[in-house]
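User: I would like a close look at one helix pair. Please keep it plain, and define terms as you go.

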Amino acid sequence: MLFTAVISFFSYLFPTALSSGFISNLRLKYGESILVSIRCCERLTEKLQKAKCDVEFLRCCLIYNLMPNFINIRLWKPGVRRSEQYKSFQRNCLIREFECRQKQARKLEKQVSAILIELEKHLSSIDYLNVKKFFYDSASRIHTKVMKTHQKKLEELNRGPIGQNYEEMKLKLIHNISSYTLSKVEERLLCRGWDFCIENKISNFLDFETDLELNAMKLQSHCHQTVFSSICRKIHNASQQLMHTSKHKKISNLSDEELAALKSLKSNNNIVICKADKGNCIVVLDKVAYMEKAEDVLKGKQFEPLKNDKFHREREEKLNKYIFSLFKQGVIDNKLRYQLQSTCSSLSVFYGLPKAHKTGYPIRPIISNIGSYQYKLSKYLAKAIRDARPQAESYIKDSFEFVKRIKEIILDKQQKTYIMCSLDVESLYTNVPVEEAIEITLNYIYKPKKLIDAPFDKEQMRILLNLSIRDAPFRFQNKIYKQIDGVAMGNPLAPIIADLWMQKIEEKLNRYTTSKPMIWLRYVDDIFCVFTISKEKIFEFHTRINKWHKNLHFTLTLESDNSIAFLDVLVTQKQDKLTTSLYRKPTHTGLYMLWDSNQNRRYKLGLTKTLVIRIYRICSSKEIITQELHLLRATLTNNGYPPHIIKRGISEGEILIKTMSHTKKDANNNKKVIFFTIKYYGQESITFASRVKKFCRKLLPNLTIQFAFKKHMSLKSIFLPKLKGIDEEKKKKNLVYSIPCMNCDKVYIGETSRMKETRMKEHKANIQKLSSDSKLVEHILKYKHEIDFSNTQILAFESDWKKRVIKESILTSRTFGKAMNETKHNIQIIS
């Protein structure tokens, strides 16, 4: 499966077939010496093609952690084979072999290129082109033969198919509705999915170094200074090895053709590549068509265009003034004030996700609030309201709770006829009346007594909710709008506000005495009902509830063949009970985290266990569980998972299910767990984590160190910024900068969350006033030098204040004493 794309790609490059007498004619035409050169180039081309196939084979072995037979060494002690040292030695041998074959391929490529240059001088243009076709035909035969052999070897080593079965999955995974025709390699790349992570060499490790400093701060309070210094030295040594290895890495989980295709797609400004609204498929649209669909949505009554960002600045200023007034009144402390206030924020960003399951691919509007003036406040209020909100009897948290509630129902089919149905609210978020929803939320958390753990009274909370939700400005490409009504999908408050509004609306159900559903369970805007009345009366009930509110419209779906789907559960009436099984929507693609995605192996094994637990918790009979496990094996195989990993994951998942009901005693319950969070760069990150854990166990026996790995360079991180559009202002704020001296090699390194121009004006004003607390003024007065503001440089970007200060300190330390400023953070690891 893995090499299918590579084989098919070569077949499209050149047409094949040359006459059998072609070489003989060249001898007669150009002489024996040219024929010798052609034959030599033919042999070298075949060798080059075999070398390239070998490089691809070894690359796959390294990605899938497979050890070919020539790496296996006879050992006098068989137990050593299972040790980490032996496995590391094997991998290093494989890397050396990979690098050796790469050098060989490059050398052959130069030789072939040199001969072709000489042939071009002596042959006519037609003969030269035919000779190149001849070489290509010869290379293609070798390529096909060697690739098939290597694929067979890989499948034997993997004990099953290797790589994603994209030929079977691609029809579901890619919806190309653009005028651009995707090549085979581009299709193969996009089939990997929105969350596929790319492994490649890393050149800039400033983010990694910043994470290390943050993680070291977590340890400082748990150990003596001497022990802490020793740990920091060891972490420094381990990190240097990781950075050195990652910087010189020559292995990627994408082939050279796929990396070139990625670069081509990224630079194509005529198309838009995005994830579908539901499912894991990718949709490719013409940019013009995407813009038209988005603008049609923005013509709706809940949006209003603005001429400039003046309204955004006014809203930010209003929010900050009100938070400052709360601080002055003593309602909030200084820490909460800085947590909630906004400094030089960005506009929220509007973008659309195409609904691949609907005709015409309409888009679902998303307004991302990250970095906006109300984001931090919305996040704080959302958590406070979620923790304090009262739960309705109809509320269900997830599919597992739904199944648990369903299992308790007993049906009396001898006396009654039961009809199941589902109700869905159309466009709930955009139709929520904001003022009414805010009032309902306040009544829930302040009446009859205050439930929320926040220092605000009801009136103050009302003002904060209005500032967080109402009249929110946002950007679409280069145009600015504001949302007049409804809540934006993307605002942290949106789900909780919409849910509480629905909770209040459904209280009207209590007024019904007849035609009332026997069961009413709700998950946000999806409702599951069971009736004991006729279909005609159900339709009447549906008509009546559609009159509950002018903004509310329910769609009704009745059961079919005694079954109905709700969330990811298929509910079926069987005798006197309701049975449950897994339901997959038509948009389900079967794509999960691919085995060759650059993510920790532990997470991939965890995915398998999670899917097994989901099967056991949702499916109500052994027969259904057996069928689902069989389907899971096939799905994971299509995602490139080795058979032994699938078997292990299913076994461990079944063990977890058996132990979930029992209280498990934790052997480490006296140990404090500290999580280290770093980006995942590949096998180097695993080695680094292993080394850190090992010496922390020795030096800090009462602490348990766990590593949480963040994604690094996914397809989403490449294509989503293009979908959102470029915000030029983001490049001018939340940055670390340097200002050089005009007369010496000293430099000032600073950080700011505001616009760069604003900070430069402040520096110039300090120099004019000869401010005593300015390091620039101190340097000027001491050495009689001038500051070169014309050569100011941006060194790094960071929106998080703590990380920005650490980056400033790291970059200051790298000047080796030539910085005018002092470090704000005491560097522990990076020197």
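At what angle do helix α15 and helix α21 pack, and how far apart are their axes?

Analyst: A word on the source comes before the answer. This is a predicted model, in which local features need pLDDT of at least 70, side-chain atom pairs count only at pLDDT 80 or more, and totals for chains, interfaces and linings use all residues. Residues are numbered from 1 along each chain as its sequence is written, and side-chain values use heavy atoms, with hydrogens and water left out.

Now the pair. Two packed helices are described by the angle between their axes and the distance between the axes. Helix α15 covers residues 399–407, and helix α21 covers residues 601–618. Helices here are DSSP runs (H or I, at least four residues), and strands are runs of E with at least two; both are numbered from the N terminus. The angle between α15 and α21 is about 20°, and their axes are 9 Å apart. Each axis is a line fitted to C-alpha atoms, for helices over the stretch in contact, and angles run from 0 to 180 degrees between N-to-C directions.

So α15 is roughly parallel to α21. That label is for angles under 35 degrees; over 145 is roughly antiparallel, 65 to 115 roughly perpendicular, and the rest oblique. The crossing of α15 and α21 is left-handed. In such a crossing the near helix is turned anticlockwise from the far one by less than a right angle; clockwise would be right-handed.

Which residues meet? Contact means heavy atoms within 4.5 Å. From α15 come Ser399, Phe400, Val403 and Lys407. From α21 come Arg614, Arg617 and Ile618. By class, the contact of α15 with α21 has 3 nonpolar, 1 polar and 3 charged residues. Here Ala, Val, Leu, Ile, Met, Phe, Trp, Tyr, Cys and Pro count as nonpolar, Asp, Glu, Lys and Arg as charged, and the others, Gly among them, as polar.

Take Ser399, one of the contact residues of α15. Ser399 is buried, at a relative accessible area of 13%. Buried means under 20%, exposed over 50%, and partly exposed in between (1.4 Å probe, protein chains only). Leave aside neighbours within four places in sequence. Ser399 then touches Leu567, Asp568, Val569 and Ile618. Ile618 also belongs to the α21 side of the helix contact.
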